[in-house]
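Here is a walk through a two-chain model, written to be read with the structure open beside it. Take a moment to find each chain before reading on.

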Amino acid sequence: MRTFIKKFSEKFIEGLLMLSSSVTSLTVVLIVFFLFKEGLGVFDKTAVEEGFVIAINKNNSVTELSSEEIKNIYDQKIISWSEVRGKKDSIFLFRLEDISNFYTDEQIGENFELLPLRLSSIVDSFPNIIAFFPEKYLDKNFKGKELHADKVSLSEFFMGEEWFPTAHPSAQLGVKPLILGTLWVSLGAILLALPLGLAAAIYMSEIAKENVRRFMKPLIELLAGIPSVVYGFFGLVIIVPLIQKTFGVAVGETGLAGSIILGIMALPTIITISEDAMRNTPRAMKEASLALGASKWQTIYRVVIPYSISGISAGAILGIGRAIGETMAVLMVTGNAAVIPHSILEPMRTIPATIAAELGEAPYGGLHYKALFALGCILFIITLFINLTVEFVSNRKKFNKH
Amino acid sequence: MYKLESKNANVFYGASQALTDINLAIHSHTVTALIGPSGCGKSTYLRLFNRMNDLIDGIKITGQVLIDGQDIYAKGVNVDALRKKTGMVFQKPNPFPKTIFENVAYGLRVNGITDAKFIEERVETSIKQVVLWDEVKDKLKKSAFELSGGQQQRLCIARALAIQPSIILMDEPTSALDPISTAKVEELIHELKAKYTIVVVTHNMQQAGRISDSTAFFYLGELVEYNTTKEIFTNPKNQRTQNYITGRFG
């Protein structure tokens with residue numbers, strides 16, 4: 001009986017452990033599935049707002065317009081049909097509110113019941129017109145030509161140079177500025193953090209006396225525990241004005257400010273991981289080097305660093321990973337201008353900051369909402385790639401060292 | 001003049017004394033075995049000769065340690081240069097995470113030698129000295145970790161020989177090796193005697209008997225007996241020595 005109870009309880013505990021691990025894995029899979037389901041939905045949507053139509057005169061030879069062209073027409077950057085594969089004729093922009101220039105309120109009807117008819121005849125009478133109005137006002141016998149907006153294309157999404165998801169009548173979903181902003185800020189962060197972190201790791205593992213190390217290590221680990229909004233606040237109050245003064249730029253909220261803050265945030269990861277790796281260098285190996293007449297510094301850079309290089313790279317890559325995914329601090333200090341950056345001293349906007357800032361105002365299930373999820377997918381793929389690299393780098397260690 | 005000598009050498013780790021008044025003199029071109037139970041101070045003593053003990057925090061050394069009649073603990077002694085005169089071989093094979101060639105070239109490179117041809121020649125001579133050349137000549141550019149334990153240990157000896165020391169200090173060089181590799185290393189020690197002064201710390205009494213000319217027995221931080229190996233093993237003067245070598249403790 002006792003053995004039965006024992007066996008049963010062991011089975012029970014085993015089952016419990018299995019359950020919790022499978023629940024965890026399942027949750028992760030579900031999150032990823034949800035992310036990609038929503039994100040890929042963006043390519044099923046049109047850039048023109050749902051429930052609206054864009055119409056032109058039936059004699060106009062133009063058959064399709066890209067979302068960028070539509071935006072440029074409404075921004076009056078494109079003013080002639082010849083610029084969009086049409087006849088040489090200036091473009092006449094028509095918005096719904098312009099209707100009062102053509103018809104009186106009586107002619108439209110009290111409840112707009114005559115509006116579809118009127119819109120139809122306006123489009124019919126101007127050969128160079130382009131009109132943008134709600135689909136419900138589209139007349140059954142519409143005499144113009146409806147332009148069918150294409151679905152958001154991959155190339156438009158990845159190669160488009162403008163991120164303006166709320167633009168009317170056609171949203172601009174170029175993620176290039178965001179990806180570049182993310183990469184610039186992260187690259188700057190790692191350029192700052194890597195030399196500093198490596199130097200600190202070398203000092204702590206090889207040079208510092210034991211009691212100094214015992215004091216410094218927890219202090220550095222404490223850096224990892226500071227909430228990111230505090231870093232952001234610190235950046236906003238200290239670093240942003242400093243950059244503004246030092247470089248004489250108009251706004252201090254730049255990519256550089258983000259890089260500095262992210263660099264500081266990546267430091268604990270880089271330091272602790274590479275320090276651990278260096279401390280794992282066998283004592284005998286260091287002694288062998290010293291016994292051959294090598295100085296302490298020669299031993300460090302010829303033996304300790306090569307031995308721990310995989311640990312050091314893992315630390316650096318994880319540091320980058322932290323920098324790329326960080327949201328709050330970056331949102332607060334980078335200025336968030338979604339334009340393709342040309343210098344680190346310009347405001348930039350990163351992917352996580354975009355999602356955090358815009359998701360609240362994106363209508364559920366809409367184009368903007370889906371586009372933000374697609375951004376999340378891109379971020380996920382980048383960090384997945386980084387984690388795989390870490391895995392690869394630390395596996396390489398096993399091959400080299402028995 | 002003795003090659004190696006210590007006069008009233010004392011070593012303290014903090015409050016505890018690891019070695020007490022060691023007086024020992026070693027002739028050049030001999031093999032001296034340091035034996036004794038674990039913790040008797042024989043490794044600490046060995047490490048006095050290349051000042052490896054300096055790396056330990058809170059160590060204090062008194063008395064004199066001489067190489068070629070020079071006090072190596074005197075003020076102004078260049079420790080890196082001193083260590084170049086003494087090659088050291090460790091308990092476990094500890095090649096660097098580098099190629100076989102670079103392992104042997106290491107000592108030359110850190111001592112500022114850049115002449116590629118010279119380095120190449122010296123590496124080849126050193127590897128030949130440890131009778132490893134035929135086994136590794138085709139894979140000099142491969143990682144040293146690909147060698148077997150015995151080959152690695154001989155590579156480590158070659159690495160020590162490459163800087164042309166006059167003294168070789170060995171800290172239980174065969175304790176991590178199989179019997180065949182052990183035999184090879186012992187044979188090597190025998191051959192190297194012609195050119196170098198060798199001091200070997202060993203746990204293995206038979207090994208001490210096979211390879212050494214003189215033997216020093218350490219016990220609890222003191223030098224109990226020092227004599228030719230033959231005398232120590234056949235006719236020990238001290239009761240504790242006799243008990244140890246006959247296996248009654250240790």
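Into which domains is chain A divided? The assignment gives domain 1 (52–151) and domain 2 (176–400), with bounds that come from an automatic or database domain assignment. The C-alpha centres of domain 1 of chain A and domain 2 of chain A lie 51 Å apart.

Residues are numbered from 1 along each chain as its sequence is written, while chains are lettered from A and ligands numbered from 1 in the order in which they are written. This is a predicted model, in which local features need pLDDT of at least 70, side-chain atom pairs count only at pLDDT 80 or more, and totals for chains, interfaces and linings use all residues.

**The two chains at a glance**

Chain A has 15 helices and six strands. Its radius of gyration is 30 Å, well over the 21 Å that the globule rule gives for 402 residues, so chain A is more spread out than a compact globule. Chain B has ten helices and ten strands. For chain B the radius of gyration is 18 Å, close to the 18 Å from the globule rule for 250 residues, so this chain is as compact as a globular protein of that length. Helices (H or I, at least four residues) and strands (E, at least two) are DSSP runs, numbered from the N terminus. The radius of gyration is taken over C-alpha atoms, and the globule rule is 2.2 Å times the number of residues to the power 0.38.

| Chain | Span of C-alpha trace | Buried residues |
|---|---|---|
| Chain A | about 100 × 75 × 35 Å | 38% of 402 residues |
| Chain B | about 55 × 45 × 35 Å | 48% of 250 residues |

Here a residue is buried if 20 or more other C-beta atoms lie within 10 Å of its own, exposed if 12 or fewer, and partly exposed in between, with C-beta atoms placed from the backbone. Among contacts in chain A between residues at least 6 apart in sequence, 70% join residues at least 24 apart; for chain B the corresponding value is 68%. Two residues are in contact if their C-beta atoms, placed from the backbone, lie within 7 Å.

**Where the chains meet**

The contact draws 20 residues from chain A and 22 residues from chain B. On the side of chain A that touches chain B, the elements giving two or more residues are helix H10 (283–291) and helix H11 (296–307) of chain A. H10(A) supplies the largest share, six residues. By class, this side of chain A has eleven nonpolar, five polar and four charged residues. In this scheme Ala, Val, Leu, Ile, Met, Phe, Trp, Tyr, Cys and Pro count as nonpolar, Asp, Glu, Lys and Arg as charged, and the others, Gly among them, as polar.

In chain A, four strands form an open sheet in the order S2-S3-S1-S4, with mixed pairing. Strand S2 (92–95) and strand S4 (145–147) of chain A stand at the edges, each with a single partner strand, so one side of each has no neighbour in the sheet. The twist averages 30° from one strand to the next. Two strands pair if DSSP finds at least two bridges between them.

Strand S1 (residues 52–56) and strand S3 (residues 129–134) of chain A pair in the antiparallel sense over five bridges. Within S3(A), Phe132(A) stands opposite Ile54(A). Helix H4 (residues 115–125) of chain A lies across S1, S2 and S3 of chain A and runs at about 165° to S3(A). Axes are lines fitted to C-alpha atoms, for helices over the stretch in contact, and angles run from 0 to 180 degrees between N-to-C directions.

Chain B has an open sheet of four strands in the order S2-S1-S4-S5, with antiparallel pairing. Its edge strands are strand S2 (16–26) and strand S5 (70–71) of chain B, each pairing on one side only. Strand S1 (residues 4–13) and strand S4 (residues 59–67) of chain B pair in the antiparallel sense over eight bridges. The bridge partner of Leu4(B) in S4(B) is Ile67(B).

**Two residues with positive phi**

Gln76(A) has a positive phi of about 55° although it is not a glycine. Gln76(A) sits in the loop between helix H2 (67–74) and S2 of chain A, and is exposed, with 9 other C-beta atoms within 10 Å. In chain B, Glu172(B) has a positive phi near 45° and is likewise not a glycine. Glu172(B) lies in the loop between strand S7 (167–171) and helix H7 (179–192) of chain B. Is Glu172(B) buried or exposed? Glu172(B) is buried, with 20 other C-beta atoms within 10 Å.
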